[in-house]
Amino acid sequence: MESTGNTSVEPSADAELHRRLVYGDESALAEAYRAYGALVKAVAVRVTHSPGAAEDVAQEVFAQLWSRPYAFDAGRGTLRTWLSVLAHRRAVDWVRSEARHRKDARADDDALHTIPDAAPGPDEAVVDRERSLLLHSALAELPQPQREVVHLAYFAGRTYRQAAVELGIPEGTAKTRLRTALRTLAESLADPPDPAWGQGA
């Protein structure tokens, strides 16, 4: 008997369970989840250190088992081992994806920091007043989809993922709009006006 923490399954039952999955037997998927769900989540938690991520990984693993049951070969190993390997791979993918998201977020923050501060300083009141006006003007000239993402990300404190959910758009679309808007704003505000120029000096 194989103990998974949820229930136990005879190794010889893998082939029969697999056959039922291939034929679209939903009860077979439920049995597989009861038998190996805890195992898959445990593997994922060890890699991601996140129970929430482990839940997502488990959903992906069993979704793949259901949609592509033929990917498992009962003659080459047990279903327990196959699901463990698949869970590990999915968890590693999640960790890599999170690392990319964090890197992208830092890049977006760096881009925002290239935009001059609109808050006036004691010795730059005129320049900073003009810069503030330019910032509002530049924001107003952005296409509405870009302006919405900038507002949510930098004035409402949302991440681009949260902004994507609120706007009902894919994360990639939100990220692209935000980056494009930041580049446009940075270019527009790169050269603040010289107050002496307007005074004819």
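At 31% relative accessibility, Arg158 counts as partly exposed, and this residue of the predicted model sits in the loop that runs between helix 6 and helix 7 (160-167). Leaving aside residues up to four places away in sequence, Arg158 touches Leu152, Ala153, Ala163 and Glu166. The protein as a whole holds 9 helices and 2 strands, and along the sequence these elements follow the pattern β-β-α-α-α-α-α-α-α-α-α.

**Overall composition**

- Of the 201 residues in the protein, 32% are buried.
- Among the contacts in the protein with a separation of 6 or more, 64% are made by residues 24 or more positions apart.

**Helix 1 and the residue after it**

- Helix 1 covers residues 13-22, and its buried residues are Asp14, Leu17, His18, Arg20 and Leu21.
- Gly24 follows helix 1 and has a positive phi, near 80°.

- The end C-alpha atoms of helix 2 span only 29 Å, whereas a straight helix of 23 residues would span 33 Å at 1.5 Å a residue.
- His49 belongs to the loop between helix 2 and helix 3, and with a relative accessible area of 68% it is exposed.

**Helix 3: span and buried side**

- The 17 residues of helix 3 reach 24 Å from the first C-alpha to the last, which is close to the 24 Å expected at 1.5 Å a residue.
- Buried in helix 3 are Ala53, Ala54, Val57, Ala58, Val61, Phe62, Gln64 and Leu65.
- Because they cover an arc of only 160° around the axis, these residues are placed on the same side of helix 3.

**Aromatic pairs**

- A search of the whole structure gives 2 aromatic pairs.
- In the pair of Tyr33 and Phe62, the ring centres are 4.9 Å apart and the planes stand at 65°, so the pair is edge-to-face.
- Tyr33 lies in helix 2 and Phe62 in helix 3 (residues 51-67), so this pair ties together parts that are 29 residues apart in sequence.
- Within this pair, Tyr33 counts as partly exposed at 33% relative accessibility, whereas Phe62 counts as buried at 5%.
- In the pair of Phe72 and Trp82, the ring centres are 5.8 Å apart and the planes stand at 55°, so the pair is tilted.
- This pair links distant parts of the chain, with Phe72 in the loop between helix 3 and helix 4 and Trp82 in helix 4, 10 residues apart.
- Phe72 has a relative accessible area of 3% and is buried.

- The side chain of Glu98 is joined to that of Arg161 by a polar contact of 3.0 Å.
- Gln146 is found in helix 6 (residues 144-155), and at 14% relative accessibility Gln146 counts as buried.
- Not counting residues up to four places away in sequence, Gln146 touches Arg177, Thr180 and Ala181.

How values were computed:
Residues are numbered from 1 along each chain as its sequence is written. This is a predicted model: local features need pLDDT of at least 70, side-chain atom pairs count only at pLDDT 80 or more; totals for chains, interfaces and linings use all residues. Side-chain values use heavy atoms; hydrogens and water are left out. Helices (H or I, at least four residues) and strands (E, at least two) are DSSP runs, numbered from the N terminus. The expected span of a helix is 1.5 Å times one less than its number of residues. Buried means under 20% relative accessible area, exposed over 50%, partly exposed in between (1.4 Å probe, protein chains only). A polar contact is a pair of N or O atoms within 3.5 Å; within protein, one must be able to donate a hydrogen and the other to accept it, and residues adjacent in sequence count only if both atoms are side-chain atoms. Rings of Phe, Tyr and Trp (its six-membered ring) pair if their centres lie within 6.5 Å; planes under 30 degrees apart count as stacked, over 60 as edge-to-face and the rest as tilted. Contact means heavy atoms within 4.5 Å. The arc is that of the directions from the helix axis to the C-beta atoms.
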